[in-house]
Amino acid sequence: MDYKPTILTGGDTRSDDQIMAAHERKHVKRVSGPGLPGSDGQGEPLVIMELLQRLRVKDVMRDHDIISVVRTDTMHFAQNLMKRNHISGVPVVEGKRLFGIVSINDIILALEGGWIGDPCQKHMATSLVVLEEDMPLAFALKYFENYIFGRFPVLNKERDLVGIVSQRDVTRVLMRELTKELARLEGAPSAQCEPKGSEEAKSEAVLPYYSMRQFVVVRNDLTNAGKAANEIKKMLAAAGVGKKIIRRIAVAAYELEINICIHSLGGSITFILDSHKATVIAKDKGPGIKDVEWALRDGTSTANDWIRSMGFGAGMGLSNSKRVADVFDINSTVPTGTTVLCEFNLSDAAPASGK
Amino acid sequence: MNINDIVKTLDGTLVAGGESDRTVGTVVANDLMSDVLLNDGDDILLLTSLASDQAIRTANIVGAMCVVVHNAKPLPQTMCQVADTLGIPLVSSPLSKYDSCVRIHDFLKSETGA
């Protein structure tokens, strides 16, 4: 993402790039950095990271009934406004333009200094830290962590004030979205996990897009094996991805899902989709593969008769996944488990042979 | 060759998945699902002896237009449910897979006039 923190003037002693670098280190690298991004054993759960990237500031901000004053209003008027509405700061706005903010601290100073009757423009803070409406929510959280302010004005691209975001707003929306996500992960019906309509899909396909989902795969549960691949296929179709590349991604996801189901103690399939790339990460809890090179050869398998009777165990799973992926990586340790990564370039849909 | 042609040619019964106006592009006869996934053809007609949910799920991954299960094998209820959910026509045929292949081949040959 190319978003830069917007600091009108003053604020944090660190530079914008330093803040950005801190954000990258904490919130982005684990998803898209080198190595296998699905290493979710530490740090934030993937589902939360996905939410923080997917949700935008405009999704959580209050964009109506913004309580504000104009520059000529008195500090006393601002004080009463804050008292009546139980808020600790009020933006100074005319039209849609933001001129400053009068905080509770400014009011205390005005009471102490005897200038509570002065117009706000004389004592308002003009060194403002603002958020942009299209920034990922992760940015807003970083701002709350880095600055002492309890709320931030939100501007659009035209630099108009379009909303205010407070920590309470963030918590409210995050709780709502997490509840939906948990319901989905537990298999409960939820409107959020329904495939999007084609019109919506078309409009999203041209926008910067980021989505991540994780599916639990249970050992020997062949009744449900394949559901993750099917969901991934639906997500790709909803995002407007071409049929041929959907098939390649679905084949890899399905093979890896079946592998986890029949060969491992259980694990997960994580699917990450952005505007340029789709990534499937299969991670299991063991027992690991003793000889990865051998396992990658066509026709080699440790499957038993039961697995073969179900139509699997032909020893093609890993090689099939490698064949369809643009980037293939496998890391296995006995007895801790195996992680397989398959990446697909969405901008270059040429058939892959596995790299 | 459409669904009606398949049912008629194979003395079969459409048991789940509903009607479809798609026509056969590629014929794949296999019981190993990884082999099916290897196939790059479009509008696959999958001829198999595998009477399980996974035959349908595999068919869905490769975008198959129909699945035929042979030897009048009893089809699990869950298999029919998955076929209905994914909208993949599921046909039961009393023929062996070999006989089905022969009849499908003859039909397609007559269709193209070759």
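Trainee: Strand S5 of chain A: how many of its residues are buried?
Mentor: 5 of the 5, residues 151-155, so S5(A) is largely enclosed by the rest of the structure. Buried means 20 or more other C-beta atoms within 10 Å of the residue's own, with C-beta atoms placed from the backbone. Strands are DSSP E runs of at least two residues, helices H or I runs of at least four, numbered from the N terminus. The model is predicted: local features need pLDDT of at least 70, side-chain atom pairs 80 or more, while totals for chains, interfaces and linings use all residues. Residues count from 1 along each chain as its sequence is written, and chains are lettered from A, ligands numbered from 1, in written order.
Trainee: Which residues point which way from S5(A)?
Mentor: Arg151(A), Pro153(A) and Leu155(A) go one way, Phe152(A) and Val154(A) the other.
Trainee: And which way does strand S4 of chain A run against S5(A)?
Mentor: Parallel, with 2 bridges joining S4(A), residues 129-132, to S5(A). Pairing takes at least two DSSP bridges. Glu132(A) has Leu155(A) as its bridge partner.
Trainee: What about strand S6 of chain A?
Mentor: S6(A), residues 161-166, pairs antiparallel with S5(A) over 5 bridges. Phe152(A) partners Val165(A) there. The two strands form a hairpin with 5 residues between them, and Arg159(A) in the turn has a positive phi of about 70°.
Trainee: New topic. How many residues of chain A are in contact with chain B?
Mentor: 17, against 18 residues of chain B. Contact means backbone-placed C-beta atoms within 7 Å.
Trainee: Which element gives the largest share of chain A's side?
Mentor: H11(A), with 5 residues.

Terms used:
Two residues are in contact if their C-beta atoms, placed from the backbone, lie within 7 Å. A residue is buried if 20 or more other C-beta atoms lie within 10 Å of its own, exposed if 12 or fewer, and partly exposed in between; C-beta atoms are placed from the backbone.
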